[in-house]
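Hello,

Here is the structure we spoke about, with some notes on what turned up in it. Please read them with the model open.

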Amino acid sequence: MKILYSCSFDLEGYKEGGATRQKLKILNKYTKLRVISLNGNSFKLLQLLFIEFKTIVLLLKNKPQVFISRGFVGYFSQKIAKFLKVKTVREVHADAIEEVQYYDKNFIEKFFILLLAKLFLTVDLQSDMRIFNHPHLLKWFRSKYFHSKNDFFCYNGFDFESKSSLSKKQARKKFKFGNKKYLIFTGSNSFWHGVSYLSNLQKSFNKLNANIQIVCGGGKVNNSDDPGNILKNISPLNGKDCADLIMAADACILPARQSRISPGSPLKLYDYILHKKPVITVKNLKGYSDEVLKYKNGILVDFSKSHKAAKIIINTMKFLHKKKLKTKIDNFSWDQVILKWIKFINILIKKNLN
C-alpha cells in the first residue's frame, strides 16, 4: 500500500512529534510511506504553504493509494487527492475550536489558531475516513456532524525501542533518589493533565507522614499548579531521560482533568506500560481506567478527593511495586495500533474496487 502522510508540526519534537515519529516508523514497516512535515518552528506559515505545495506535487507524481493528513495541512491537497481518486484519511486528536481556550498562548495567537481550526474542520469533514484517538471524540463528532461507518478510533501505543536501557537501581542513582517511594509523572504539563491534583495529593502524603514523593519530569510545572512547590520537578528532559525516570519509579501516576470533549490518549500511559510499571490513574475515564484494567497492574482513584486517594495509594504501595505484570504488553504497542489502521484503510480501498 502506497501512503502519503503530511502533518503541520515538527517530527523531531518530543511531544506530539516524538509519538508521531514512532507511529510513522511502524507504518513504514507495513506500507510504502512518504512523509512531509514541518522542519523546526521558524517561518511556520511559509512552511505550511510549502508542505501543501510539496504534497500536491507528490500526489500528482506518485499517485499513492492513500493520503493521510493531520493538523493545519491538507486544505488544497485534499481536493487534488479526491480529483485523483486517492483515498483521503484524516487523523483527529482533538476539537481545536473547543480546546484553544486552554492553550498557553496570548490572545492574538489564540485568535489565529481558532481561525485555522475552523478552516481545517472542513478538511476533517470532507475526508473519506477519520481516525480518532479516543471514543469520546468519535462519539461527539458523530453526534455533531454525521455518522460514517468508515470512521474508527485507536488509542496510542508505545515503541519498544524507546525503553530505558538502565536497571531500576541505575536509574535511581542517575536522579539521586533516596529511600522514599517515588511516583513518577512524565511529559508535558498541560491544563487537562491535572498536575494540580498531584500537588494536593503530595500535601496529603505529607500530612499522613507517608514516605512517598511525586516527581514530575519533562515539562515545567507552573506555580499555579504547585503553589507550595512541594512536587519534585525535573525539567527539561528529553525522551530518553523521561524513559530513565520512569525506570526509577516504584509506580507511575496519571491524573486527568475532564475539561475537554476528548480526554486524549495519554502517551505517557503507554511509556509506563512499556517499562512494566504499575500505574495509578483516574477512575471511570475511558482511555485511562479501561487501559489500566486491561493492563491488570495498577489502581484507580478519584484525584479530586486527595486525602482518600492518598490513603488508598499508601495502603496499596506496600505490595503494588512488587507485583509482577501478567498482561502481554505487546497488545499496547504501535504495531497493534498500525495493524488496526491498515485493516480499516484496506476496507475503505476495497469499497471503491467493488
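Helix H13 gives the most to the lining of the largest cavity, with three residues. Please keep in mind that this is a predicted model.

The cavity first. The count comes to one cavity of 30 Å³ or more, and the largest cavity has a volume of about 60 Å³. Two elements give two or more residues to its lining: strand E5 (129-132) and helix H13 (334-353). Lining residues include Lys23, Glu91, His93, Asn133, Cys154, Trp334, Val337 and Trp341. By class, the lining has seven nonpolar, three polar and two charged residues.

Gln202 counts as buried because its relative accessible area is 1%, under the 20% cut-off. The Gln202 side chain reaches the backbone oxygen of Ile212 at 3.0 Å, and a polar contact of 3.4 Å joins it to the side chain of Gln213. Leaving out residues up to four places away in sequence, Gln202 touches Ile212, Gln213, Ile214, Ile230 and Leu231.

Leu198 is also found in helix H8. Leu198 is buried, with a relative accessible area of 0%. Apart from neighbours within four places in sequence, Leu198 is in contact with Phe185, Ile214, Cys216, Leu231, Ile253, Pro255 and Phe303. Between the C-alpha atoms of Leu198 and Gly264, which are 66 residues apart along the chain, the separation is 19 Å.

Regards

Technical notes: Residues are numbered from 1 along each chain as its sequence is written. This is a predicted model: local features need pLDDT of at least 70, side-chain atom pairs count only at pLDDT 80 or more; totals for chains, interfaces and linings use all residues. Side-chain values use heavy atoms; hydrogens and water are left out. Buried means under 20% relative accessible area, exposed over 50%, partly exposed in between (1.4 Å probe, protein chains only). A polar contact is a pair of N or O atoms within 3.5 Å; within protein, one must be able to donate a hydrogen and the other to accept it, and residues adjacent in sequence count only if both atoms are side-chain atoms. Contact means heavy atoms within 4.5 Å. Helices (H or I, at least four residues) and strands (E, at least two) are DSSP runs, numbered from the N terminus. On a 1 Å grid over the protein atoms alone, a cavity is a set of points where a 1.4 Å probe fits but cannot get out, and a pocket is an open set with protein on both sides within 12 Å along at least five of seven lines; lining residues have an atom within 4 Å of a point. Grid points are joined across faces, edges and corners, and a volume is the space filled by probe spheres set on the points. Ala, Val, Leu, Ile, Met, Phe, Trp, Tyr, Cys and Pro count as nonpolar, Asp, Glu, Lys and Arg as charged, and the others, Gly among them, as polar.
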